[in-house]
Amino acid sequence: MTLLVPGSDLTALRAQLAASPQAWLVACFCAAWCDTCEEYKPKLRALSSARPQHVFTWIDIEEHAELLGEVDVENFPTLLVQIGGRVVFYGPMLPHIGHLERLLDSLDEHSAPVTTALPDLPRLLAA
């Protein structure tokens with residue numbers, strides 16, 4: 001699977017989420033004006049191609065603010081990893097793709113959930 005962007009790839013994103021309700025959703029919250037994000041994006045795209053079993057999405061916080069609810073993203077990139085209905089990681093990460101690779105390698109279906117104030121992202125993306 002490739003890196004999906006709400007708006008331009010919404011149909012493909014919905015199809016991926018519907019086909020695999022237990023799929024890992026890896027969401028990167030960034031902004032188009034952020035140079036760090038723009039440098040990180042091709043690396044995230046390459047990682048999404050290398051791990052097609054996961055659903056990767058790029059969410060511009062200004063274009064899709066509704067996906068954040070009342071949560072403010074202050075540092076970029078901020079990442080969310082959700083396995084099925086459980087968020088197992090949410091927070092900022094240094095923009096080195098190796099950090100995300102190691103995080104994904106350390107997680108599994110038994111990883112402890114974390115609490116966030118985010119709305120149910122897969123439900124919003126599927127709507």
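Which residues touch the most other members of the largest nonpolar core? Phe 29, Leu 100 and Leu 121 do, in a core of 42 residues. A nonpolar core here means buried Ala, Val, Leu, Ile, Met, Phe, Trp, Tyr and Cys joined through side-chain atoms within 4.5 Å. Buried is under 20% relative accessible area, exposed over 50%, partly exposed in between, with a 1.4 Å probe and protein chains only.

A word on the source. This is a predicted model: local features need pLDDT of at least 70, side-chain atom pairs need 80 or more, and totals for chains, interfaces and linings use all residues. Residues are numbered from 1 along each chain as its sequence is written, and side-chain values use heavy atoms, without hydrogens or water.

Strand 2 (24–30) gives the largest share, seven residues. Strands are DSSP E runs of at least two residues, helices H or I runs of at least four, numbered from the N terminus.

Now Phe 29. Its relative accessibility is 0%, so Phe 29 counts as buried. Leaving out residues up to four places away in sequence, its contacts (heavy atoms within 4.5 Å) include Ile 59, Leu 80, Tyr 90 and Leu 121.

Next, aromatic pairs. Ring centres must lie within 6.5 Å; planes under 30 degrees apart are stacked, over 60 edge-to-face, the rest tilted, and Trp counts by its six-membered ring. There are two pairs. Phe 29 and Tyr 90 sit edge-to-face, 6.3 Å centre to centre, with 75 degrees between the planes. They are 61 residues apart, in strand 2 and strand 5. Trp 33 and Phe 76 are also edge-to-face, at 5.5 Å and 85 degrees. Trp 33 is exposed at 54%, whereas Phe 76 is buried at 18%.
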